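Here is a brief report on a single model. Look it over first, then follow the strands and the core.

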Amino acid sequence: MSPPIRTLLVVTGLLCGVPVLARDKVDDPARFVTREITVTGAVEHDLRLGVDQLREFPPQQIGEVPLVCQTGANVGKLENFRGVRLRDILDRAVIRAPGHNDVKKMVIVASASDGYTVVFSWSEVFNSPVGDGVLVFFEKDGLPLADDEGRIALVSSRDIRTGPRHVRWLQDIEVRKVVD
Ligand SMILES: Nc1nc2c(c(=O)[nH]1)N[C@H]1C(S)=C(S)[C@@H](COP(=O)(O)O)O[C@H]1N2
Ligand SMILES: [Mo]
C-alpha cells in the first residue's frame, strides 16, 4: 500500500474511531515480539515460561476461530493453531487464596508488550465454559507464530466477539484480588 493511501486510511480510521488498519497499525511488529511470559501476583510460584515450557502442558489444538472486533467488524481468523489452557498454567502457579471466598474476588490480568491489557474473572476461567477456550498459543500450522502475533499470544476462543481478548505479544499473566 502506498504511503499516501495508508495515511489517508489511518486518518479516516482515527476520525471514525474505527480501526480501519487493525492489522498493520504497527509499523514494526518485531519490536513487540515476546519469547516468554511471566505469571505473577497472587500465586504461590512465580513462573517464567517460554515456548518449550508451554509445550509441557496438555496440548490444545484449535481448527478455526473467527476474529470479530468489539465493534462487530470481522477482522480475520485464527487457524490451525496449538496452545495450552490458561487454567492449566494457573494451576501450576497455584493461586494464593487462603479464604474459601477469595477466588470469587479475583481477576486474571493478561497484558502484552505494547500495553494492551485484558482481564478475566477467576469464575470465568475456572467455573464457566469460557475457561475451556482461554488458550495461550504458540504454534500455527506447526510453525512458530509470526511477528505480528509474537511467539506467544492468547485468545478467549468462546467469546461472542473474539477480537478483544485476542492478545498478541503476550507478556504477563497477573493474578489479582480486586475486592477485599
Ligand atoms: N497486543 C495487542 N493485541 C491486540 C490488539 C492490540 O492493540 N494489541 N488489538 C485487539 C483488537 S481490538 C482486535 S479486534 C484483535 C484483532 O486482531 P488483529 O489486530 O490481528 O486484526 O486484536 C486484539 N489484540
Ligand atoms: Mo478490536
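## Strands E5 and E6

Strand E5 covers residues 106-112 and is joined to E6 by 5 bridges. The two strands run antiparallel. Val 109 has Val 119 in E6 as its bridge partner. Note that this is a predicted model.

## The open sheet

E5 and E6 belong to an open sheet of 5 strands, ordered E2-E1-E11-E5-E6. Its pairing is mixed. The edges are strand E2 (47-50) and strand E6 (117-121), and each pairs on one side only. On average, neighbouring strands here are turned by 20° against each other, direction ignored.

Helix H3 (residues 86-93) packs on this sheet. H3 touches E1 (36-41), E2, E5, E6 and E11 (170-177). The direction of H3 makes about 140° with that of E2.

## Strand E7 and its partners

E7 runs antiparallel to E4 (residues 74-85), with 5 bridges between them. Across that pairing, Phe 81 stands opposite Lys 140. E7 also runs antiparallel to E9 (residues 153-156), through 4 bridges. There, Leu 135 stands opposite Val 155.

E8 (residues 143-144) joins E7 by 2 bridges, again antiparallel. Lys 140 stands opposite Leu 143 in E8. The E7-E8 hairpin has 2 residues between the strands, and Asp 141 takes a positive phi near 50°.

## Nonpolar cores

The largest nonpolar core holds 37 residues. Val 136 and Ile 173 touch the most other members. Beyond its sequence neighbours within four places, Ile 173 is in contact with residues including Ile 37, Val 39, Leu 86, Leu 90, Val 109 and Leu 154. A second, separate core has 10 residues, among them Ile 62, Leu 78, Phe 81 and Ala 153.

Methods: Residues numbered from 1 in each chain as written. Chains lettered and ligands numbered in written order. Predicted model: local features only at pLDDT ≥ 70, side-chain atom pairs only at ≥ 80, totals over all residues. Heavy atoms only, no water. Core = buried A, V, L, I, M, F, W, Y, C linked by side-chain atoms within 4.5 Å. Buried < 20%, exposed > 50% of the residue type's maximum accessible area, 1.4 Å probe, protein only. Contact = heavy atoms within 4.5 Å. Pairing = 2+ DSSP bridges. Axes fitted to C-alpha atoms, helices over the stretch in contact; angles between N-to-C directions.
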